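The following note sets out comments for a colleague on the model shown here.

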2 protein chains.
Amino acid sequence: MRKDPIRVKGTKPNRRSFLKGMAVAAAGGAAAGRVGATGPDPAIVEKQPWMQYLGEGVDAHPYGTPSPHEAHVVRRNVEWLTADPVSSVNFTPIHELDGIITPNGLCFERHHAGIAEVDPSQHRLMINGLVDTPLVFTMEDLARFPRENHVYFLECAANSGMEWRGAQLNGCQFTHGMIHNVMYTGVPLRLILEEAGVKSSAAWVLPEGADASAMTRSIPLEKAMDDCLVAFKMNGEALRPEQGYPVRLVVPGWEGNMWVKWLRRIEVGDQPWHHREETSKYTDLLPDGRARRFTWEMDAKSVITSPSPQAPIPHGPGHTVVTGLAWSGRGTIPRVDVSLDGGVNWHQARMSGPSLTKSLHRFYHEFDWDGRPLLLQSRAHDSTGYVQPTKDMLRELRGENSIYHNNGIQTWAVSEQGIAENVEVS
Amino acid sequence: MRKDPIRVKGTKPNRRSFLKGMAVAAAGGAAAGRVGATGPDPAIVEKQPWMQYLGEGVDAHPYGTPSPHEAHVVRRNVEWLTADPVSSVNFTPIHELDGIITPNGLCFERHHAGIAEVDPSQHRLMINGLVDTPLVFTMEDLARFPRENHVYFLECAANSGMEWRGAQLNGCQFTHGMIHNVMYTGVPLRLILEEAGVKSSAAWVLPEGADASAMTRSIPLEKAMDDCLVAFKMNGEALRPEQGYPVRLVVPGWEGNMWVKWLRRIEVGDQPWHHREETSKYTDLLPDGRARRFTWEMDAKSVITSPSPQAPIPHGPGHTVVTGLAWSGRGTIPRVDVSLDGGVNWHQARMSGPSLTKSLHRFYHEFDWDGRPLLLQSRAHDSTGYVQPTKDMLRELRGENSIYHNNGIQTWAVSEQGIAENVEVS
């Protein structure tokens, strides 16, 4: 395996040695002085160069793009993770983002046969199986149903999967970036199933994708009739090709693999199909060789996005902002706690932004950093009362074989220089 | 003036002749049959071509872009509206969007000297005037203040300005597209002013932009200390260059011109400055020659985005979805009414999506179209009890000289063929 800057230093991660070796920082050290320089800056009084000439006009960018100064804010893949980029994943740069909306161009991708190049005028969605009348819809047909708008997170079940066996990737983009959060516009799946007429013996549905992998997953009819959407817009505009253009399934709160992209068919049946992606994959292998199956709901989870290994503290001691994301597949996040000392003391974080069910939530913790090393952690509480566990609590229950559903508390060690690194504490 | 497809047909718009000449459609005609074809479609049973090959991998698009099939969904400017594209406007394609979030690449632009090309490492924000300590901030300094996340609409005061003198532009992109709605992340302006210390004689602030127009607007201190943000993110990522990268002022609910982009300086004073953009411009000329000034708040408004002149009904009679946007600078929109017959009968629309203060709201009205002509209108009610007026009510109060603050009810005439046109009824 070749060296990679995103790897944690050292070839063999030792997830239990870190806390012993460092001085734990006290929360709330000496307050720093005023933020900002006092008095007028010559660079301000003399106008900056870009005030001396006319910029581009309103005809220059029919569809806009980010500033060239933001060229580093991109999805990134990790070459050694998979054999091929066509069946692989890349990661949302959550360390560079704020608020709760993920811009469409930065939503992580997970493909099993690459991005299907679907022509929407030729695309069809078929409903078949245990229905009164099999139906085939064009995209124009779908636009005639009542539609709804909801902000939901989509998290890959394998997000943080490398963390089961200890800190292995350096950067929350890589440890927690298989997640995005957008506003979907779509038709409740219930209305489409009702149009076809679901037979009384029906209990499951099987959505199928129009990519070369023909992705399928079994979903209980109860969930299909509850809050699933057949969605064609994200953040206002058409779905992006890599997110299932022109139409995908939205399965709020449940693992991303079930949100079938390029949705071409929904079969209604009376039992689960047990296809490849719900047997050999997307099940959780336990230490005794048995596997948990149907682990669909995403448990409450959180991560500090800044400071983090890709987002060091750029200033010295004084006013410091800690921020991060929290979410739960079961509802909202009324509370997040932040620790500066590896879980010894906890501070209730400040939430800011809309609190929407099965959506990302943004939290902040501001403190006066005294410049001593930190062990940053966050802990989410969801609206059911569930509290995010430590990784060791999860390992006790499930061992270290799985690659799915790791929602354990993440730790970043911050040095006196403000450099953060992925570590484990126990 | 050259011919333009977005112009309403006929060189001289006659805003009062339309209703007489058409049969008014009855609401809720004969219900159409099932949506979608019955039985499996051969195109579905035989796999589509894009299922036969592997698509692009996760390394193909570090920053994603829309499908080539969506190339028509872009901002558009109207050449004859202004002398030059550098001091001009383009329009959000609201007829193609759904939900309430505007994607960053499609947010309309209004520049007075083109897009400033600011280097964030060289950019500074200065606070001066009636403060205890003048201060200069780098972008890193700003990131040390506590920040908040809010979804707000930004509407140009001139949005729908051409409609004062009758229906002149065909398409809601052009009549109502000087609006966008994103989630901002920023520092409350109050915190930054408090850091400098505001003197007791202070009553106004003057934000200044770092573009070649050095845009300035006077804002009452009360508003500055209430909900204004010094924002550096939109929809999660850095502001786009055309939206003020790296930092802009957010003035929730107030006209867009005050949301100074490329924010370089905020002067604190004891009276308004009466600069160019708040005297010769952004005031409302009344019939008697006097002008309304300080008309900052955007009144409640709505528009049907589909069907509309750029978004005809693509199908015949039967299930039909009417959708649109509503907003108010004073709060939320608890209710929107839709009329199919030019304001004779009103139906309460269905709202869908988060209801956030000073944000766009999405409404829908589903009905069974009988195929007869329609006169579509929408009417917003805001949380203060204010009801969107007709254009004629506005003209009675303010005449037809103004180009600002036209929040009148918009009418689309829909033909039996489903073609929509901008018309006026009275």
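1. Is helix H4 (residues 189-196) of chain A mostly covered or mostly uncovered? In this predicted model, H4 of chain A is mostly covered, with six of its eight residues buried. Those buried residues are A:Leu189, A:Leu191, A:Ile192, A:Leu193, A:Glu195 and A:Ala196. Just after the helix, A:Gly197 adopts a positive phi of about 85 degrees.

2. A:Gly166 lies in the loop that runs between strand S7 (148-155) and helix H3 (172-176) of chain A. Its relative accessibility is 0%, and A:Gly166 therefore counts as buried, the cut-off being under 20%. Along the chain, A:Gly166 and A:Glu400 are 234 residues apart, while their C-alpha atoms are separated by 9.1 Å.

3. The next matter is how the two chains are related. Chain B is superposed on chain A by a rotation of 180 degrees with 0.0 Å of shift along the axis, at an RMSD of 0.0 Å. This is the relation of a two-fold axis. Within chain B, B:Pro103 has the C-alpha nearest the axis, at 3.6 Å from it.

4. In terms of contacts, 111 residues of chain B touch 111 residues of chain A.

5. As to extent, about 9,600 Å² is buried between chain B and chain A. Carbon and sulfur atoms give 59% of that area.

6. How many salt bridges are counted between chain B and chain A? The count is two. One of the salt bridges joins B:Arg147 to A:Asp98, whose closest N and O atoms are 2.7 Å apart.

7. Finally, the composition of the contacting side of chain B may be recorded. Strand S18 (residues 318-327) of chain B supplies the largest share of the side that touches chain A, namely four residues. By residue class, that side of chain B divides into 48 nonpolar, 34 polar and 29 charged residues.

Definitions and conventions. Residues are numbered from 1 along each chain as its sequence is written. Chains are lettered from A and ligands numbered from 1 in the order in which they are written. This is a predicted model: local features need pLDDT of at least 70, side-chain atom pairs count only at pLDDT 80 or more; totals for chains, interfaces and linings use all residues. Side-chain values use heavy atoms; hydrogens and water are left out. Copies are superposed by least squares on the C-alpha atoms of residues with pLDDT of at least 70 in both. Buried means under 20% relative accessible area, exposed over 50%, partly exposed in between (1.4 Å probe, protein chains only). Helices (H or I, at least four residues) and strands (E, at least two) are DSSP runs, numbered from the N terminus. Contact means heavy atoms within 4.5 Å. Buried area is the accessible area (1.4 Å probe) that two parts lose on being put together, summed over both. A salt bridge is a side-chain nitrogen of Lys or Arg within 4 Å of a carboxyl oxygen of Asp or Glu. Ala, Val, Leu, Ile, Met, Phe, Trp, Tyr, Cys and Pro count as nonpolar, Asp, Glu, Lys and Arg as charged, and the others, Gly among them, as polar.
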